[in-house]
Amino acid sequence: MINLELPKKLRASANQAHQVAAEIFRPASRKYDLAEHEYPVELDTMAAMVEGLADSGTQDISGASGGRKAKSGTESGGGHATELLGNTNGGNMSALLNALETCWGDVGLMLSIPYQGLGNAAIAAVATDEQLERFGKVWAAMAITEPSFGSDSAAVSTTAVLDGDEWVLNGTKIFVTAGSRATHIVVWASVDKSKGRAAIKSFVVPRDAPGLTVARLEHKLGIKASDTAELRLEDCRIPADNILGSPEVNVEKGFAGVMQTFDNTRPLVAAMAVGVGRAALEELRKILEDAGVEISYDIPANNQPAAAAEFLRLESDWEAAYLLSLRAAWMADNKKPNSLEASMSKAKAGRMGTDVTLKAVELAGAIGYSERTLLEKWSRDSKILDIFEGTQQIQQLIVARRVLELSSAELK
């Protein structure tokens, strides 16, 4: 059973991540919001620190899921008693807490941490042990979305054809986070379109592979510190063993293998929303208290000022999202199927993040709408967390299918 008291080992890591967020991310947050596409040089120091901690075996302080850590789920942070109960707090829980803390500082900067991209979680989910050894220390972005589809991952039209000892990839990918900065791209492509979604596989493409080009960088509403790229693959050749997992097409299994990626990454995105939501609540509380609004946990909400009552509602919504995220990550670490819980956490946290940050802007009045605080920035940053890794609508559809025990063909 999940224990909601965080183990000492993970608390130490989360505290380190919080210090990074407070000392590096927050001071540079507005700077890179105003200087879109400019590389955050402050992160080079952090990248060296992360690499040093990883090499020494110290807990990672970054937000993304390191390939070797999230794969195994064998790191225990709860001590001897925890191990006896078979309760593991490993790479997924560690990555979730670190994502929460770093996004309390800045979501865009968290997504820009060198060598800690969302593609690393994809590698962790489906790579073989040999591939984990080869790709465990790369900076991997993830390329799924195409001009012809968004959340329907089964509609992938990018192709991968085996030519001797190389795969040849052709297609266009859009909205690739860290697409121009990452050293590698995890690309979803079909190896045989006649076999439908079962033939969709993920491939690790080096950034300098011939035939891979950056077509453009997007100008965005939020997370401006992070580069979001359109990538084109034109007869792009990669080694045959760069296909993640098995190259065999199993029609009965479908593309469950590559979809396991989302079971790792959706709780991480949920944690990102929880992090920015907490930042907004803390700032809003200060503003309300400075204005003379007292928030009490002893008096019924309907007997308190409207702003205080609304704050309590937002805080309870935040708590629910936080607990759902913890459960999804804990299940992944303990090798329990968590597809339902991953989507539940992503749906709840994504909706909570946009609601909390926008309400914070509203309740703070002119201060919230101005650039005197980061509230308006957080409201812009949080919107993407309800969109990428599967939109709010897709998450609710997945939850409904799991609860009602219906297939994708039965419930569309």
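Me: What makes the contact between Arg 181 and Asp 227 a salt bridge in this predicted model?
Reply: The closest N and O atoms of Arg 181 and Asp 227 are 3.5 Å apart, and because a side-chain nitrogen of Arg within 4 Å of a carboxyl oxygen of Asp meets the criterion, the pair is called a salt bridge. The pair links distant parts of the chain, with Arg 181 in the loop between β3 and β4 and Asp 227 in the loop between β6 and β7, 46 residues apart. Both Arg 181 and Asp 227 are buried.

Me: Why can Arg 30 and Glu 376 be said to tie together parts of the chain?
Reply: Arg 30 forms a salt bridge with Glu 376, the closest N and O atoms being 2.5 Å apart. Arg 30 belongs to helix α1 (residues 8–34) and Glu 376 to helix α13 (residues 375–383), so the pair ties together parts that are 346 residues apart in sequence. Arg 30 and Glu 376 are both buried.

Me: Lys 359 and Glu 310 meet in a salt bridge; why is Lys 359 called partly exposed, and why does Glu 310 count as buried?
Reply: The N to O distance in this pair is 3.8 Å. Lys 359 has 23% relative accessibility, and because this value falls between the 20% and 50% limits, the residue counts as partly exposed. Glu 310, at 17%, is under 20% and therefore counts as buried. Salt bridges that share partners join Glu 310 and Lys 359 with Arg 313, Asp 355 and Glu 362 into one network.

Me: How many salt bridges are counted by this rule?
Reply: The count comes to 27 salt bridges.

Technical notes:
Residues numbered from 1 in each chain as written. Predicted model: local features only at pLDDT ≥ 70, side-chain atom pairs only at ≥ 80, totals over all residues. Heavy atoms only, no water. Helix = DSSP H or I, 4+ residues; strand = E, 2+ residues; numbered from the N terminus. Buried < 20%, exposed > 50% of the residue type's maximum accessible area, 1.4 Å probe, protein only.
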